[in-house]
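Have a look at the model on the screen, and I'll walk you through a few spots I picked out.

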Amino acid sequence: MSGNDNRRTPLVADKRYTGRAAPKKAAPKKTGPKRTTKPRGRAARSAPRSLVGWILWPFRLILGAIWAITWRVGLFATVVVGGISFYFASQMPPIEQIIDQRARGSVTMADFTGDVFAWRGDQFGGMVTARTVSPHLHNAVIATEDRRFYGHFGISPRGIASAVRINMAAGRHPLSGNGGSTITQQTAKLLCLGVPYDASVWETEAAYEADCRRTTLARKAREAFYAVGMEIAYTKEEILTVYLNRAYLGAGSRGFEAAAQRYFGISSAEVNPAQAAMLAGLLQAPSTLAPTANIERSRARAAVVVGLMRNEGYLTDAQANDALANPAALSRAAEARSGGFFADWVMESGPEFFTRNTTEDVIIRTTLDQRIQSAAEQALVSVFENQVAEGSDAQAAIVVMSADGAVRAMVGGRNLRATGAFNRATQALRQSGSAFKPFIFAAALDLGVSPYAMVNDERTCWRVRGSPEWCPENYDRTFKGPVTLVQALAESRNVPTIVLSEDVGREFVRNVANGFGLQGDLAVGPALALGVSESTLLNMTGAYAGILNGGSQVTPYGLLDLRIQGDNAVLMDSQGAGIGNRIISETAARELTWMMTRVVEEGTGRRARIPGWEIAGKTGTTNSARDAWFIGFTGDYVTGVWMGYDNNTPLRGVTGGGLPAEIWRETMVRVLEGRTPTPLPLIAPQFGSPAGVLQSQGGEVVDDDIIQLLDLLMTGEATN
């Protein structure tokens, strides 16, 4: 039994190791079929495809081809765009050279105290930077125009895509309406993509700017290249600086500094959140949203901007609520918009190279008194609202001046806020009617005729060779026989005035009238005495100022001094204007002033009376009541009023002693309010027996030079 081979393996105790890890046991070998290695190379490509592989194979080829083309085209486009952009970048001038590239300068007008009241041309308030403007203004512009400004490189594909979607949804051309432009792109457009203004190419600067604003695909592409070039050449703050200085913000304001001064009377560094929101809101539509055009519309847009600033974290809820509760308000000068007609007159009367076509920024200090200007405007509105039929097209004009010809106020028509409109105070030539009569009496008084001299008021006819007999009547269709010169003037009687003119001599009357500033073609026939000659309200008022100042010629003026902005040197002043040569004696002027007080106290100008004040004046109503005048003066001011239709339609129920006298009184009540009455410089003549009676000298007038059509027009008509 012991000899068989079935033996047990001897038991051996496990070996234990102290301090050493036991050796790992070898993992048992896996059994099963051997894995076949995947063949490589040609053998792999020639392996048969599955059905799905055959289906996807053409698409893989197409996608591969597209990718191969795309990355090559993209690389080429990147090189091209980069090259063009770097070219534009290399052409960029220093920003100081592109801050202000206006072809024309501006005119800022101040009243006699130095307070600004009007602007003309494109205003530029001086260079500001993105860091010197108010932080609120900086943030308002970013929130409104380009909230990703600091994160893009000149263009915003997302913004462009959004704008195209909005435009197409609204039924517009993809590039019409919303532009999706970044601030950099807008600045590029403001710079006209680097194309400077050339007067030989564009008729006007406006035409040049209109061309710069055209939107085409080609122009959009160039704009994008230029914008990227700007990003390469300038910092973000420099780009924003150019934008803040070049943007147009309505009412002739170029840049935010000019706009802040124009609308609020402060620097752009001082604007608060509400003012900043209003200014930034103007960028959408400057002319339409300008607060001087429609303050409520401007405030509505500003409220939207306040919301955008709050959304971007630029304003706290408390700041935003305060801005909404206290919206921006215009400065007093901007709100009043006073003196538009006056400002236009100063621009027209000043030297062209310093006004209409100035290339500099000019400051003009004028004679305007804004308090008096406001009084004249309020008076005109009050009379037309309360005493003129609604819908009437009648017009009126007012001029207020000092005795030396300094114009203190001017209203050229009922549209008080007009700029560049027809000015009826300076441009309308109208027959003066009986407002011309004081100069006939001035001529007589200067020759020594007493105010109490008698003149016959009786039916009289004059004949002009080759013309029908002319037999004028008085306004009341009656004749009073012998009357004093005082009565004839106070009652504005026609026949005695003609008799006086003929006795004094028409040539002398014309010389006196010319001397006082009535330089038009004065009539040469007997109708001269009835004011058939034409004049402007400004010249007529200036002529009356000559009576007030004692008989010397007056040249109306509005400019006190002119200088270039930033320079205190005066380039022009009012020398040559004001009081000139003596025309009649001072005694004659003082006696005439007294006679004209009788017009107001007891004659045709009674509706101009103001209790406590001495007033001298004269009414005037022309042929068929086409023109109605009242011109009068106190010891301080001469005020002229004209009323009529632009198309010469006769006024109905209106004479110079009616509505014009009412407008005069309403103006002067406001002007004189709170002032101590100033006595008129007058001489009341001593009453005595006149030496005789001036007789009418009717008959044939034989001088060839007095044959005039205007005499014929006076047949059967009366003037007052």
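Let's start with a valine pair: valine 455 stands opposite valine 483, which belongs to strand β11. Before I go on, remember that this is a predicted model. The strand partners here are β9 and β11, residues 481-484, and they run antiparallel with four bridges between them.

So how do the side chains of β9 point? In β9, residues 454-457, Met454 and Asn456 go one way while Val455 and Asp457 go the other, and all of them are buried.

Which residues have a positive phi without being glycine? One of them is cysteine 192, with phi at about 55°. You'll find cysteine 192 in the loop that joins α5 (183-190) to α6 (205-212). Cysteine 192 has 2% relative accessibility, and since buried means under 20%, cysteine 192 counts as buried.

Serine 492 is another non-glycine with a positive phi, about 50° in this case. Serine 492 sits in the loop between α18 (485-490) and α19 (494-504), and its relative accessible area is 1%, so that's a buried residue too.

Now, aromatics. The count comes to 13 aromatic pairs. Take phenylalanine 439 and phenylalanine 516, a tilted pair with 5.7 Å centre to centre and 45° between the planes. What does that pair tie together? Phenylalanine 439 is in helix α17 (residues 438-446), and phenylalanine 516 is in the loop between α20 (506-515) and β12 (534-535), so the contact ties together parts that are 77 residues apart in sequence. Phenylalanine 439 is buried at 0% relative accessible area, and phenylalanine 516 counts as buried at 1%. Zoom out a bit and ring pairs link Phe436, Phe439, Phe516 and Tyr544 into a cluster.

Lysine 236 has its charged end over the ring of phenylalanine 149, 4.6 Å from the centre. Then there's arginine 408, lying over the face of phenylalanine 112 at 5.6 Å from the ring centre.

Last stop, the surface. Which residues make the nonpolar patch of about 520 Å²? That would be Leu51, Val52, Ile55, Leu56 and Phe59. Phenylalanine 59 lies in helix α2, residues 51-91, and with a relative accessible area of 51%, phenylalanine 59 is exposed.

Definitions and conventions. Residues numbered from 1 in each chain as written. Predicted model: local features only at pLDDT ≥ 70, side-chain atom pairs only at ≥ 80, totals over all residues. Heavy atoms only, no water. Buried < 20%, exposed > 50% of the residue type's maximum accessible area, 1.4 Å probe, protein only. Helix = DSSP H or I, 4+ residues; strand = E, 2+ residues; numbered from the N terminus. Pairing = 2+ DSSP bridges. Patch = residues over 30% accessible without salt bridge, like charges linked within 9 Å, V, L, I, M, F, W, Y side chains within 5 Å. Areas by Shrake-Rupley, 256 points an atom, 1.4 Å probe, with all protein chains shown as cover. Salt bridge = Lys/Arg side-chain N within 4 Å of Asp/Glu carboxyl O. Phe/Tyr/Trp six-rings, centres within 6.5 Å; stacked < 30°, edge-to-face > 60°. Lys NZ or Arg CZ within 6 Å of the ring centre and 35° of its normal.
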